[in-house]
Every structure is written in structure tokens, then in C-alpha cells.
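Dear colleague,

I am handing over the structure below, and after it I describe what was found. Please keep it open while you read.

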Amino acid sequence: MTMNCKPISTIDQRINDIRMRTAEIVNNDIIPNEGRLWAERRAGETWSDRTEVLELRAGIKEKVKQAGLWAPHLPTEYGGMGLDFLAHAYMNEVLAYAIGAASLFGVVAPNSGNQSVLVKYGTEDQKQKWLLPLIDGTMESGFSMTEPENAGSDPRSITTSAVRDGDHFVINGHKWFTSNGIDADFFIVMCRVVEAGQEGSKVGPMVQIIVPTATKGVNIVRGIGVWGRSESDHCEVRYEDVRIPVENALGRVGEGHQAAQDRLGAGRIFHCMNSVGQMWRAFDLMVERATTREVHGGLLQDKQFIQGFIADSYIDIQASRLMTIHAAEKIDQGLQGARTDISAIKIFVPNAYSRVVDRAIQVWGAAGVSNDLPLAGMYMGARTLRIADGPDEVHKILIAKNVLGQYAQGEGWDFGN
Ligand SMILES: Cc1cc2nc3c(=O)[nH]c(=O)nc-3n(C[C@H](O)[C@H](O)[C@H](O)COP(=O)(O)OP(=O)(O)OC[C@H]3O[C@@H](n4cnc5c(N)ncnc54)[C@H](O)[C@@H]3O)c2cc1C
């Protein structure tokens, strides 16, 4: 089944046009080839198979570029679409319908987040050296903030230190879950600037530093096994006396925390629209199975349990989608006013996504957990999203704080704005 994506009457023609052209490539070029595009290296696969896959990917990327749909998150001067927030969000739900499609449209985390941070905070020199190769695909990158010894949900607790020594920083610290760590040519590392002898302190201004992975002292300990797999590209990294020129600091010392928040705030909207697109796909798969599978003398679609799954999933998707679009509209008017809404979707959408995929798996029975369908991967992805980019609990605290703060000022909450 392909995505039923038609123009939306309440949005402008430009966004509809982007969505329709995106859907055309997703439906005609990506979904029919999904099995081949993303097949893990299979036993017995020959090099010519691999070459064929790479050619297939390159062909689709070229088509995307020709259609003017490459890198929606980047400004036009860097070869991107220069989309405003809302248009990008609307495009993402279409992109995410097909597994892995985002990478064929030039927008893959963590590279895309690093690109946006480099565009905003990078010097001209840093852009030439790191941003441009990242955009043209000759370099890979990672974002290294979370530490095993400190709570990732409280990023101000980091202890990775950067000590100024002449025209260098000397970095020492221990990170993990640095995604894309195996392939990365550089990491953007969140550090705390401290005086020599104060290493390990939780006091001091934060700064992001661009660290080439080939630098002496950058030790990739392992690709951490996740979800039962023995290895992944989410890496544990030890930084041991890593000497980096001070010009690799991204933005000013003290701006590090804000830069990370900028990245995550915007990213959460895009993650949520991706989740909506994937829920849409799971929903289509669930209904497709319900309308064709005979059990106990009738089609699944005629059983009330299954009708309940369909109705509950419809409600989950619509609620997620409308909440996320509402938050994206607010971001267009200034990030600060959208903080509560961003936290609300960051909790609601991954939970709804988990529920929808869970029901789709149930309807498909054993096939639902097999690798023949994208549902098992979606299920793990949805569950992971409830932790990454801030766990549910942290966002609940923020919502309650904002709401209570408003009531404390003698005002009720205005749900209309
Ligand atoms: C697949 C994956 C990829 C990732 N990629 C990256 C990456 O590229 N770069 C990077 O830097 N990090 C990455 N992370 C790390 C991620 O950002 C952190 O896992 C996340 O911020 C949570 O931090 P933590 O794991 O240290 O959990 P902790 O901070 O230890 O929190 C554990 C649990 O405690 C609870 N909790 C926390 N605070 C409160 C509170 N105030 N009240 C009540 N309960 C609370 C929550 O349930 C939370 O899940 C990734 C994680 C995953 C799973």
C-alpha cells in the first residue's frame, strides 16, 4: 500500500506542492524498493548486490535533488530547501511514511542537527572545514553529550572538562550513546570549561567543541549493543587528554547549553512529525491486514476487538498530528512560547506511536514481529523515543512548572493560544 497524501485545504499551495512531490517519490521510488534499499548485509550477498543497492540509493537521491526536495532543514545557500518550520514539519510526515526515506532526502540525525548548529553558531572557517563536507556527504559526524556517570536528563550535570592550555583545550571525559560514532569523522562534544586541577567539577560554563575523531586520545570503547543486538553505532567514547585548538569551539564559551537546547527544541517537532508519518504507515498496514485476514470464520475487520484497535489508533494519530502542527505553528512565532507544547508532544506522540504500532503488530500476529514488515523496528524506535531527547518525566515537570507559574501570576491557562 502507498501513502494516500492529497492536498490539504487549510495550508498554502507551496506546502501542498512540497508534500505532493515528496509523496510521489516516496510512493513510486522508495516504498516499492524498501526491501532492497535497507536490507542488512545478508549472508551470501555479493559485492554486485551491494553496488546495485548503492546505485539505487544514488539514483533516488538524484531524483530528490532534481525535484528541489534535498535537505529541507538547510538554508538555500548551503544547498538546502530553506524551508520554514511549518513547511518542514508537514514535509516530514510524508517523508517518514517510508522507512529510511529521510536519508535519501539528505536529512539524517545526528548529521542534520550538527549541520543546523554549524549554520547557526559556526565561524566561516568552521563552515568551510566541517559543514560543507558534512553536507556533500564526504564527512560523517556525531553529537557527544550524554555521560554514563551523570544523568542525561539533566544535561547541566555533565563533567567532561575542557581546560585551556595556550591556544588549545585539553578535553577529558567519558560519554556514551554518541550516535553514528563508528563512522563519524568528527564529534561535537559538550564540555565544561574549568581551570586545571578542577577536572570533574560540575561548575563552570559549557561549550561545544568540534573534535575530529582521529585526534589522539579519542577512544571509541564500543558500539553499545541495544535491543538485544550485540552492537550498534551508539558509541561509548573516552576522551583522554585530547588536545583541540581553541578555534574549534562552536559559539562562545557559556553558549553550549543554549546551543544544545536550540538543537533539541526544533528536533523534537521533526521527530514527532516523523512519528506521525510512521504511525500513518503502521495504521495502513494494520487496516490492510484487517481487511484481508480470515480468522474463525470471518475477516478480522468484522471483529469488534479489531475495530476498537482501528478507532483507538485513528484517535492517537489525529491527536498527535494536530498537537504537533499546533506546536510547529507556535515555533514559527517564537520558540519560547512553544516550550510547553513541545514538551507535551514529546510525551504524547512517542507514547501514541508505541500504542499504534503495538496494535498493528497484534493484528499481524507472528508476521508483526518478523523482519518482513517494518513494525518491529518501529516498535523499538517508538520506545526509545520516550527516553532520547529528554525522558517523559522531565517534560512533565516542565509542563507543570509552566502551568503552575502562570496560575501563580493570577492567570489561568489559555488553551486557545
Ligand atoms: C538510541 C539512543 C540514541 C541516543 N543518541 C544520543 C546522541 O547521539 N548523543 C547524546 O549525547 N545522547 C544520546 N542519547 C542519550 C539520551 O539523550 C539520554 O539517554 C537521555 O537524555 C536520558 O538520559 P539518561 O539515559 O542518562 O537517563 P537518566 O537521566 O539517568 O534518567 C533515567 C530515568 O529517570 C527518570 N527521571 C529523570 N529525571 C527525573 C525526574 N526529575 N523525576 C522523575 N523521574 C526522572 C526518567 O524516567 C528517566 O528515563 C541516546 C539515547 C538513546 C537510547
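Helix 13 contributes the most to the shell around the ligand, with 3 residues; helices (H or I, at least four residues) and strands (E, at least two) are DSSP runs, numbered from the N terminus. Please note that this is a predicted model, in which local features need pLDDT of at least 70 and side-chain atom pairs count only at pLDDT 80 or more, while totals for chains, interfaces and linings use all residues. Residues are numbered from 1 along each chain as its sequence is written.

The ligand is surrounded by 20 residues, and the closest are Met-145, Ala-151, Gly-152, Ser-153 and Pro-391, where a residue is near a molecule if its C-beta atom, placed from the backbone, lies within 6 Å of it. At least two residues of this shell come from each of strand 1 (141–144), strand 3 (168–178) and helix 13 (392–408). Because domain 2 (141–250) and domain 3 (257–408) both give residues to the shell, the ligand lies between them; the domain bounds come from an automatic or database domain assignment.

Turning to the backbone, most residues other than glycine have a negative phi, and most peptide bonds are trans. Finally, a cis peptide bond with omega of about 0° joins Ala-109 and Pro-110.

With best wishes
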